[in-house]
Amino acid sequence: MSNWPRLAVGTVQPTADHLPMLWALCEVIRRRGIQPQVFHSQSNFRDAVGGDVICGVRARYLDSWLMSPELCGESFMHGAQGSDLAIVAGRYPSAVAAGGGSGTKPSGGSLVDVCDWLDLAALVVVDVAQLTPCRLPVLPATASGLLLDGVAPDELAHWATMLESLWGIPVLGALPPGPGLKAKLHDCKARVTTPCALCEQLGDHLAASLRVDRLLQLAGRPALTRRASWLFRAGNKLDGLRVAVAYDEAFNHYFPDVLDVLELQGAEVQDFSPLHDDKLPDACDVIYLGGGRLAAFAPDLARNSCLPVALRDHVRQGKRIYAEGDGLAYLCQQVQLSGAAYAMAGVLPAVAVAQQDLSPPEPVEITLAQHHWLGSGGSKLRGYRTGEWDIRRLASLASFVAERDRSLDLVGYHNAAGSRLALNFAAQPQFLQRFASGRRPHVDTIPVR
């Protein structure tokens, strides 16, 4: 039995941003000596600001679209170890009351499902500037408290009295109007402002009004029952496997559960830097390139001409590379950004063209066209696709996807595979085993489609 204080934080307003409140909340409770652990309710990196490090702790990921209730519970209990309060963040389905407007349900993983599966106290972030008279948002049925955004200190009593009477749940705290907050969050992505500095500023704003004791009372929940699972138990399924993970300023988007399971099952995980290193870790079997911020570092990556040679040699030896998002773009012959072209690793015969697509990540399911080292033919992979990169294939680039309209979502050349989807392999254990199982060099012969 595991009895972690736990709650959910999200908004029902489609254009509201829950991140400033989440960061402020984490900072205030950290100052009280309470260590938070944040989980996002979808396995994508849409909210990965500043490397997704909040109050010094890396966020983790749950997802009801990818996970069963049992696996979600296992992932939650594994990730919450060492914390004093677990916070699951995301968006609740939105709807509008009293005006006949229809709401939209977020696609992919549902915060409401996770609240149900993990018995979370549901806190709702409400941006008062977006409230319209007689058209209030509809809150989740399990909503337990309100966190208000955009409230001047001298107006808090007014808003608390009105909204508590309308919705029948307490207001727990408020952030003042802050037009610069979103700009500062953007600065975190560009590393102009550090996440810790922004957390402190937001915490200062929230500290005066947050009812911490009431919040912790709501977060006290009955114990969860731990279920037996091999996934987060020490084992030897991957003894002797060496996995090299690209990790630096340009590549840092990884699902922590994936890296945890690799090490728990005996794999040796080493990091390297495509920005700074001129060679790969010694005797690595699998290279793993995640997403990140390639666009900001493309000129620097292009200047490192040594590591691409090592990557190409790795493939020539019949060894494996898996890359996704910015990692996929890096494996291409070049990337094109705002009219400028930069030479990349040259592992894949393709060109990656940066897009200005800021739409939310799309949940996508693909079917493997035939046998591949990632999985058997006909098996299905789920992940979230962004529109950041357009992949323009050259003659010998292979597609591994059965769906014609998604043929560029998973591509490759020999044993190098690149995905436009963010794939949480720990949520699909059968693929995690395949992803990291091969130690002997071999070459898959998959025809160009």
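## A walk from His276 to the two sheets

A polar contact of 3.3 Å joins the side chains of His276 and Glu249. Keep in mind that this is a predicted model. His276 sits in the loop that runs between strand 12 and strand 13, and at 57% relative accessibility, above the 50% cut-off, it counts as exposed. Not counting residues up to four places away in sequence, His276 touches Glu249 and Asn304.

Strand 15 (residues 320–324) and strand 24 (residues 416–419) run parallel, joined by four bridges; Ala323 has Gly418 in strand 24 as its bridge partner.

There's another open sheet of seven strands, this one in the order 5-2-6-1-7-8-9 and with parallel pairing. Its edges are strand 5 (60–61) and strand 9 (171–175), each with a single partner strand, so one side of each is left without a neighbour in the sheet. Helix 1 (residues 19–31) packs here, touching strand 1, strand 2 (36–40), strand 6, strand 7, strand 8 (143–149) and strand 9. The direction of helix 1 makes about 170° with that of strand 6. Strands 1 and 6 pair in the parallel sense over six bridges, and the bridge partner of Leu7 in strand 6 is Ile87.

| Helix 1 | 19–31 | Strand 6 | about 170° |

Helix 3 (residues 111–118) is worth a look too. Leu111, Val114, Cys115 and Leu118 are buried in it. Looking down the axis of helix 3, you'd find its buried residues within an arc of 105°, so they line one face of the helix. What do the buried residues of helix 3 pack against? They go up against strand 1 (6–11), helix 2, strand 6 (85–91) and strand 7 (121–127). At the start of helix 3, a side-chain oxygen of Ser110 comes to within 3.2 Å of the backbone nitrogen of Val112. Just after the helix, Asp119 takes a positive phi of about 55°.

Finally, the nonpolar cores. The largest has 117 residues, and those with the most contacts inside it are Phe76, Leu146, Leu148, Leu294, Tyr330 and Phe435. Helix 2 (residues 69–80) gives the largest share of this core, five residues. Setting aside neighbours within four places in sequence, Leu146 is in contact with a list of residues including Val124, Val126, Leu139, Leu163, Trp167 and Ile169. A second, separate core has 33 residues, among them Val9, Leu25, Ile34 and Ala59.

How values were computed:
Residues are numbered from 1 along each chain as its sequence is written. This is a predicted model: local features need pLDDT of at least 70, side-chain atom pairs count only at pLDDT 80 or more; totals for chains, interfaces and linings use all residues. Side-chain values use heavy atoms; hydrogens and water are left out. Two strands pair if DSSP finds at least two bridges between them. A nonpolar core is a set of buried Ala, Val, Leu, Ile, Met, Phe, Trp, Tyr and Cys residues joined through side-chain atoms within 4.5 Å. Buried means under 20% relative accessible area, exposed over 50%, partly exposed in between (1.4 Å probe, protein chains only). Contact means heavy atoms within 4.5 Å. The arc is that of the directions from the helix axis to the C-beta atoms. A polar contact is a pair of N or O atoms within 3.5 Å; within protein, one must be able to donate a hydrogen and the other to accept it, and residues adjacent in sequence count only if both atoms are side-chain atoms. Axes are lines fitted to C-alpha atoms, for helices over the stretch in contact, and angles run from 0 to 180 degrees between N-to-C directions.
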